[in-house]
Amino acid sequence: MKDRIASNWYPPMMANARIGGYAPGTMRINAIPSQKVKLYFIMNRAGDVVKVEILDSMGNRSLDAACVESITMSKNFGPVPDDIKGEYILIPFIFGYYSK
């Protein structure tokens, strides 16, 4: 599950870009500081994602949207094992974004 979500996660453009300038060397822009986005998603027994909700973030809309999209783009995680009960399964998930 984690690998599938990670394969669909695309951080916002220019989040931590290196830009060459007229001066020697390059300049790094840290437009988004290190942070965590906490969310949960609900899937049905077939493994389809039916809802994604952000619980806590620093309010960076582009980063929040990238996190939600990585879950929705994953679409299906396969059938839920029989030993897990319930019609819907709630999965908590934390994205860690770290600038260098």
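Helices (H or I, at least four residues) and strands (E, at least two) are DSSP runs, numbered from the N terminus. By this rule, Asn8 sits in the loop between H1 and S1. The structure is a predicted model, in which local features need pLDDT of at least 70, side-chain atom pairs count only at pLDDT 80 or more, and totals for chains, interfaces and linings use all residues. Residues are numbered from 1 along each chain as its sequence is written, and side-chain values use heavy atoms, with hydrogens and water left out.

The protein chain contains two helices and five strands. Their order from the N terminus is α-β-β-β-β-α-β. A residue is called buried under 20% relative accessible area, exposed over 50%, and partly exposed in between (1.4 Å probe, protein chains only). Of the 100 residues in the protein chain, 31% are buried. Contact means heavy atoms within 4.5 Å. Among contacts with a separation of 6 or more, 68% join residues 24 or more positions apart.

Asn8 itself is buried, because its relative accessible area is 15%. Beyond its neighbours within four places in sequence, Asn8 is in contact with Ser70, Met73 and Ser74. Helix H2 covers residues 61-74. This helix has 14 residues and spans 20 Å from its first C-alpha to its last. That is close to the 20 Å expected at 1.5 Å a residue, where the expected span is 1.5 Å times one less than the number of residues. The buried residues of H2 are Leu63, Asp64, Ala66, Cys67, Ser70, Ile71 and Ser74. Seen down the helix axis, they fall within an arc of 160°, so they line one face of H2. The arc is taken from the directions from the helix axis to the C-beta atoms. An α-helix has 3.6 residues a turn, so residues three or four places apart point the same way. The cover over the buried residues of H2 includes H1, strand S3 (35-44), strand S4 (49-56) and S5. Just after H2, Lys75 adopts a positive phi of about 55°.

A nonpolar core is a set of buried Ala, Val, Leu, Ile, Met, Phe, Trp, Tyr and Cys residues joined through side-chain atoms within 4.5 Å. The largest such core has 17 residues. Those with the most contacts inside it are Ile5, Leu39, Phe41, Met43, Ile71 and Phe95. S3, H2 and S5 each give at least two residues to this core. S5 provides the largest share, five residues. Not counting residues up to four places away in sequence, Ile5 touches Phe41, Ser70, Ile71, Ser74, Phe77, Phe93 and Phe95.

Four aromatic pairs are present in the structure. Rings of Phe, Tyr and Trp (its six-membered ring) pair if their centres lie within 6.5 Å; planes under 30 degrees apart count as stacked, over 60 as edge-to-face and the rest as tilted. The ring centres of Trp9 and Tyr97 are 6.2 Å apart and their planes meet at 70°, so this pair is edge-to-face. The pair links distant parts of the chain, 88 residues apart: Trp9 lies in the loop between helix H1 (2-7) and strand S1 (16-20), and Tyr97 in strand S5 (residues 88-97). Trp9 is partly exposed at 21% relative accessible area, whereas Tyr97 is buried at 8%. Ring pairs join Trp9, Phe93, Phe95 and Tyr97 into a cluster.

Tyr97 also touches Pro33, as does Ser99. Pro33 belongs to the loop between strand S2 (26-30) and S3. At 42% relative accessibility, Pro33 is partly exposed.
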